[in-house]
Amino acid sequence: MSRNTAPTPDSETSGHLDIAAAELAEILAGQVAGLRGLTSGLEDALSASLCSCKPLTEEAFLTLQRIDYMRQALKDLEGILQRFGPSLDWAEGQGLTHAALQDSVDMGDSIKPILKASSIQAGDETSSHDAGDLDLW
């Protein structure tokens, strides 16, 4: 089920993005890695701010455990995407549409790397492939 990544005449009207499923998984793995890095930074910052003179409340302790769980879960998701992503492919006649992608997120910035990669494959070499780069400011 290999997917032709060349633009088709109706890709312009249907809104299908010209991106392979494996490349989408690679971009998502990069974004998950960035989130994991942010989570690790948060965990480190909170741990460093703890004072031995004041014991943690039960709620604070549970919050630190939740952050640790989130960091581990993000690492696992990244590993799954990296291991199985390269073998992913779209089913015949299926693909990713701009509208479906836009409807699946709350923040438009979450899909910018996917849209950039799609425009690169469509021949727009002025874009750069920023898989996983997080721009917070």
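Asp68 pairs with Arg71 in a salt bridge, and their closest N and O atoms lie 2.3 Å apart. The model is predicted. Both residues belong to helix α3, where a gap of 3 residues places Asp68 and Arg71 about one helical turn apart. An α-helix has 3.6 residues a turn, so residues three or four places apart point the same way. Asp68 is partly exposed, at 23% relative accessible area. Arg71 is also partly exposed, with a relative accessible area of 23%.

Arg71 has a further partner. A salt bridge joins Arg71 to Glu43, with 2.8 Å between the closest N and O atoms. Arg71 sits in helix α3 (residues 58–84) and Glu43 in helix α2, so this pair ties together parts that are 28 residues apart in sequence. Glu43 has a relative accessibility of 14%. Buried means under 20%, so Glu43 counts as buried. Together, Glu43, Asp68 and Arg71 form a network of salt bridges. Side chains of opposite charge can pair when their charged atoms come close.

The structure contains 4 salt bridges. Among them is the pair Lys112 and Asp109, whose closest N and O atoms are 3.0 Å apart. Lys112 is partly exposed, at 45% relative accessibility. Asp109 is partly exposed as well, at 47%.

The chain as a whole has 5 helices and 0 strands. Its order along the sequence is α-α-α-α-α. Helix α2 has 28 residues, which should span 40 Å at 1.5 Å a residue. The C-alpha atoms at its ends are 40 Å apart, in agreement with that value. Buried residues of α2 include Ala21, Leu24, Ile27, Val32 and Glu43.

The largest nonpolar core has 11 residues, including Leu17, Ile19, Trp90, Leu96 and Leu101. Helices α2 (21–48) and α5 (112–121) each contribute at least two residues to this core. Helix α2 gives the largest share, with 3 residues. In soluble globular proteins, nonpolar side chains tend to be buried together. Leu101 touches Leu17, Leu96, Ile111, Ile114 and Leu115, leaving aside residues up to four places away in sequence.

Across the 137 residues of the chain, 24% are buried. The accessible surface comes to about 9,300 Å², and carbon and sulfur atoms account for 56% of it. Of the contacts with a separation of 6 or more, 74% join residues 24 or more positions apart.

Methods
Residues numbered from 1 in each chain as written. Predicted model: local features only at pLDDT ≥ 70, side-chain atom pairs only at ≥ 80, totals over all residues. Heavy atoms only, no water. Helix = DSSP H or I, 4+ residues; strand = E, 2+ residues; numbered from the N terminus. Buried < 20%, exposed > 50% of the residue type's maximum accessible area, 1.4 Å probe, protein only. Contact = heavy atoms within 4.5 Å. Areas by Shrake-Rupley, 256 points an atom, 1.4 Å probe, with all protein chains shown as cover. Core = buried A, V, L, I, M, F, W, Y, C linked by side-chain atoms within 4.5 Å. Expected span 1.5 Å × (residues − 1). Salt bridge = Lys/Arg side-chain N within 4 Å of Asp/Glu carboxyl O.
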